[in-house]
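Student: Could we go through this model together? I would like to know what stands behind the terms used for it.

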Amino acid sequence: MKRIRIANLPLMVALTIAGLFVLFPLGSATEFSFRTPVSGGHGLANYVWFFTAPDFGHYLWISFILAVSAAGILLVLLVPTAVWLNLGGHKVRPFVEFITLLPLVIPVVALAIGAQTSLPDFAQTNEFVLAFMYAVLALPYAYRTLDTGLKAVPLRTITEAARGLGAGWFRTIVQVVTPVIRSTVLASLFMTLALSLGEFTLTSLLHWDTFTTWVTTMSQSNILGAIALSVFSLVAVFVLLLGIGAFVRPVSNQAAAEED
Amino acid sequence: MTTTEVKLLNRKGAPKWGTLMGQLLAIALGVGPLLIFMGIFFFAPLAAVLVKSLQDNYGAFSFENYAAALKEPFLTGFRMSISLAAISAITSAIPGAVFAYLIESRGSVRIRQFVTSISGVLANTGGVPLAFMFIAALGAEGSATGLLKALGLDLYSNGFNLFSFGGLILVYSYFQIPLMVIVFSPAVHGIRKEWQEAARNLGANRLRFWRFIGFPLLFPSFVSSLLLLFASAFSAYATARAMTTGEIALVPILIGNLVDGNVIFDQYNLGKALAVGMVIVSALAMIPYLIIQRRAERWQR
C-alpha cells in the first residue's frame, strides 16, 4: 500500500502544479471581474454593464450566426468527402490529408491579407464571407475528427447494407452514416463553433465586427467590463468544448477499454 | 460511382481506358467539392499574396517589397517573432513533455482522458479573452499580483512586467503547454511497459534504458512537437496584439498595422511580402514536423 502511494507522489505533484497553473490565472481574473472600483467592494456591476450594453446582443447574434453557418458549411462539405475517402479513395487519401492540414501551417495573418486581395467585391462587402473563412480555419480539426470517427465504425458494411436496401448515396449519407457517427459529427460541429466564436485575427484584419472585435473595442472605454466579458466568454467556450468531451466519450472509452 | 465498383470492373477485364476514366470521375466527384472550396477560400488568397508581393505600386513585376521587407523595422520584427516563438516553444515543450510523461506512465485511464480533454480545451484558448484574463490576474493592479504582494512577493518591484517579451511568453504558455501535452502524449504512450521490462531483464538499469531506448525513441517526437509549438507561437496574432498594443514589434502585428492603415508605407504591397515571409518561416518549421510525425506514427500504437 505504502509503495503505491510513493510511486504516485510525482503524479500528484504534477497534477497539483498543473491545476494551479490552469486555475490560478482564471480564478484571479474572475475575482478581478467582480470588482466594483467606485464602491470598493465586489459585485455584478461589470457583468450587468456588458449584458445591458446596447450592442451586446447584436454582436453575439452575428457571431453565433457566422459560427453556425461555418459549422454547417464544413459538415456538408466534409461528411461526404470523408465517407468517400474511407470507402475507397485510397490513392488520393494522403493528398487530401496533406491539403486539409495546410490551414494549420499557414499563418492566419497571411490568409487574411490574401482574402482581402483575391475575393471579389461582392464577397468582400458581405459579412457572410467570414463563415466560409472560419470554415477554412476549422477544417484541419474537423476533418481529423470526422476521419477518426469513420475509422471506428464498419463503414463499408453499413453503406453496402443501405445501398443494397435501395437507398441512394444522398440518403445513405444523411440518414444512415451521419447518425452512426453522430458523436464525431457533434464533436467537429462544436469545435468549429468554438473556434468561430473566438476568431479575432481574420475578422479584425478584414475589418468586420463580431463579438470578439466588439470586446476589444469596448475594452478601451471600460477595461473591467472587458475583463468580465473575457471571463464570461472563456468560461462559455470551456463549457462548450468540455461538452465535446462528453459527446465523444463513448467512442474513446471503447478505445481505452480495448487498449488496456 | 465508387472505386469499389471500378475495381470489380477491372477484375473482370474491362477496358483499361474506361477504368481510368471511371477512376478520374470518382475522384472528381469525391474530392472535387473540397478542392473547389479550398481553392476559392484558401489557395486563391495565398496565390494572390504571392503574386501581389512581387508587384510594385503600378502592378509591374518587382522585388522592391522584399527589399523593403528585409530592412528595418521589419528585420527586427522577424528577429523578435522568431526568438519569441523559439523561446516560447522551448519553455513550454519541456514542462509539457515531463507532464505528458508523468500522466501517461502513471495516470489511470480516467486521469489520462481527463487531462487530454482539458488540454484540448486549453490549447484552443487564446486570442483576446486570454490576454485580458492575464491582465486581470498579473497586470500591475491584477488580483494575483496583489495576492503575491500580500504574501511577500512583489513582482513589479522585482522587474516583472506582463506587457513585455517575457510576459508574452508566460501568457503563451497557457495554451502552448497543453498543446505540447496533446501532441507529445501519443509518443510517450507508444513506449510500452514491455520494452522497459525487457531492458530490465537484460540487465539495463533505468539510466541505460533511457540512454539507449527511451530517449532515442522520444527525441524525434519531441523535436517535431517543438516545431509545432514554434509555428503556433510564431503566427499568434490576437493575444500579442491585445497585450502589447503594438509595442513589441512582432511581424504579424507589423502586418496588422499596415493593413489597418495605422502605418503608411510607400510600397502598397509591402504587407504581402511580409506575409510571404511568415509563410516561409512557418513552412520551414511545419514541413519537418509533418515528416517526423509520419515516421513516428509507424511505431506508435
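Student: What makes the crossing of α4(B) and α10(B) left-handed or right-handed?
Tutor: A crossing is left-handed if the near helix is turned anticlockwise from the far one by less than a right angle, and right-handed if clockwise. For α4(B) and α10(B) the crossing is right-handed. Keep in mind that this is a predicted model, where local features need pLDDT of at least 70, side-chain atom pairs count only at pLDDT 80 or more, and totals for chains, interfaces and linings use all residues. Residues are numbered from 1 along each chain as its sequence is written, and chains are lettered from A in the order in which they are written.

Student: Why are α4(B) and α10(B) called oblique to each other?
Tutor: Helix α4 (residues 74–106) of chain B and helix α10 (residues 206–235) of chain B pack at about 135 degrees, their axes 8 Å apart. Angles under 35 degrees count as roughly parallel, over 145 as roughly antiparallel, 65 to 115 as roughly perpendicular and the rest as oblique. The pair is therefore oblique.

Student: Which residues of α4(B) and α10(B) meet?
Tutor: Among them are B:S81, B:A85 and B:A89 in α4(B), and B:F222, B:L226 and B:F230 in α10(B). By class, this contact has 14 nonpolar, four polar and no charged residues.

Student: How many residues does each chain bring to the contact between chains B and A?
Tutor: Chain B brings 60 and chain A brings 64, with residues in contact if their C-beta atoms, placed from the backbone, lie within 7 Å. Helix α2 (residues 16–53) of chain B gives the most to chain B's side, with 15 residues.

Definitions and conventions
Axes are lines fitted to C-alpha atoms, for helices over the stretch in contact, and angles run from 0 to 180 degrees between N-to-C directions. Helices (H or I, at least four residues) and strands (E, at least two) are DSSP runs, numbered from the N terminus. Two residues are in contact if their C-beta atoms, placed from the backbone, lie within 7 Å. Ala, Val, Leu, Ile, Met, Phe, Trp, Tyr, Cys and Pro count as nonpolar, Asp, Glu, Lys and Arg as charged, and the others, Gly among them, as polar.
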